[in-house]
Amino acid sequence: DGTLVDSQAEILAAMQAAEKNIDERLEEVTGRFRRVRQESITSELLEVGGKLQKAVVFSSTSIQTKIDSTSQSERAQARELLDLESGLQSRAQEKRIGLAIFRPTLVYGCGLDANVSLLANWIRRFGFVPLNGQARGLRQPVHADDLASVAVSALTSDEKLPGLMTVCGGETLSYSEMVTRIFPAMNRPVRLLRLPGWLFSSRSS
């Protein structure tokens, strides 16, 4: 039915426009937050000096996945993260503070993430999720509570901090599998609208 297809296309276009706007704003705010936060952390490291023995900082695996991206903004984001990590490592070494930098994969939980929580809000509003039927990307979601446990374990352990480590979720899921699991968690029937890949690329261009 042409009317149904047009309606679905309009919904998809609206969703993509909203996501693009959210991504742009989120990138801008995140960049500002990272710069302010690094200044704050660096200042704290300088102030506490010998009082602080260990510190755990969370970075992102975006450094690895976006450093060679075709997107200039993604490459810039990865370089900025690398600079932040390098600055913290230098300060920690200068002050002889044990430092662990954890790079988590896709983080979810607490309703504050821009991944699972965003999808959950979409499902709550529309009752379905449009998917690119040709997408083959994989995800390793890790819950915020698990990251907190890792941080506490690292800080309370007598072992030397690992320095730099990637922290992954327990499972590797396709995007479709990840989205599918959200529906029953919200007591909603699974409704995936699989669309051809060209529709996504044409609407996002």
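F126 is partly exposed, with a relative accessible area of 33%. That value comes from a predicted model, and so do the others I will mention. F126 forms an aromatic pair with W122, with 4.0 Å from centre to centre and 45° between the planes, and the pair is tilted. For anyone new to this, a pair of aromatic rings is described by the distance of the centres and the angle of the planes. W122 itself counts as buried, because its relative accessibility is 14% and the cut-off for buried is under 20%.

Where do W122 and F126 sit relative to each other? They are four residues apart in helix α4, so about one helical turn separates them. Ring pairs also bring in F128, giving a cluster of W122, F126 and F128.

How many aromatic pairs does a search of the whole structure find? It finds three. One of the pairs in this model is F58 with F102: the ring centres are 5.9 Å apart and the planes are at 50°, so this pair is tilted. It links distant parts of the chain, since F58 is in strand β1 and F102 is in strand β2, 44 residues apart. Are the two partners buried or exposed? F58 is partly exposed, at 37% relative accessible area, while F102 is buried, at 2%.

Next, the core. The largest nonpolar core has 14 residues, and those touching the most other members are L119, I123, V129, V179 and I182. At least two residues of this core come from each of α4 (116–126), β4 (129–132) and α6. Helix α4 gives the largest share, five residues. Take V179 as an example: leaving aside neighbours within four places in sequence, V179 is in contact with L119, V129, L131 and L192.

I123, from that list of core residues, is also touched by R188. Where is R188? R188 is in the loop between α6 (175–185) and β9 (192–195). With 31% relative accessibility, R188 counts as partly exposed. Not counting residues up to four places away in sequence, R188 touches I123, R124, G127 and F183. G127 is 61 residues away from R188 in sequence, but their C-alpha atoms are 7.5 Å apart in space. As for R124, the side chain of R188 reaches its backbone oxygen at 3.5 Å.

The buried residues of α3 are Q77, A78, L81, L84, E85, L88 and A92. Just after α3 comes R96, which takes a positive phi of about 55°.

Terms used: Residues are numbered from 1 along each chain as its sequence is written. This is a predicted model: local features need pLDDT of at least 70, side-chain atom pairs count only at pLDDT 80 or more; totals for chains, interfaces and linings use all residues. Side-chain values use heavy atoms; hydrogens and water are left out. Buried means under 20% relative accessible area, exposed over 50%, partly exposed in between (1.4 Å probe, protein chains only). Contact means heavy atoms within 4.5 Å. A polar contact is a pair of N or O atoms within 3.5 Å; within protein, one must be able to donate a hydrogen and the other to accept it, and residues adjacent in sequence count only if both atoms are side-chain atoms. A nonpolar core is a set of buried Ala, Val, Leu, Ile, Met, Phe, Trp, Tyr and Cys residues joined through side-chain atoms within 4.5 Å. Rings of Phe, Tyr and Trp (its six-membered ring) pair if their centres lie within 6.5 Å; planes under 30 degrees apart count as stacked, over 60 as edge-to-face and the rest as tilted.
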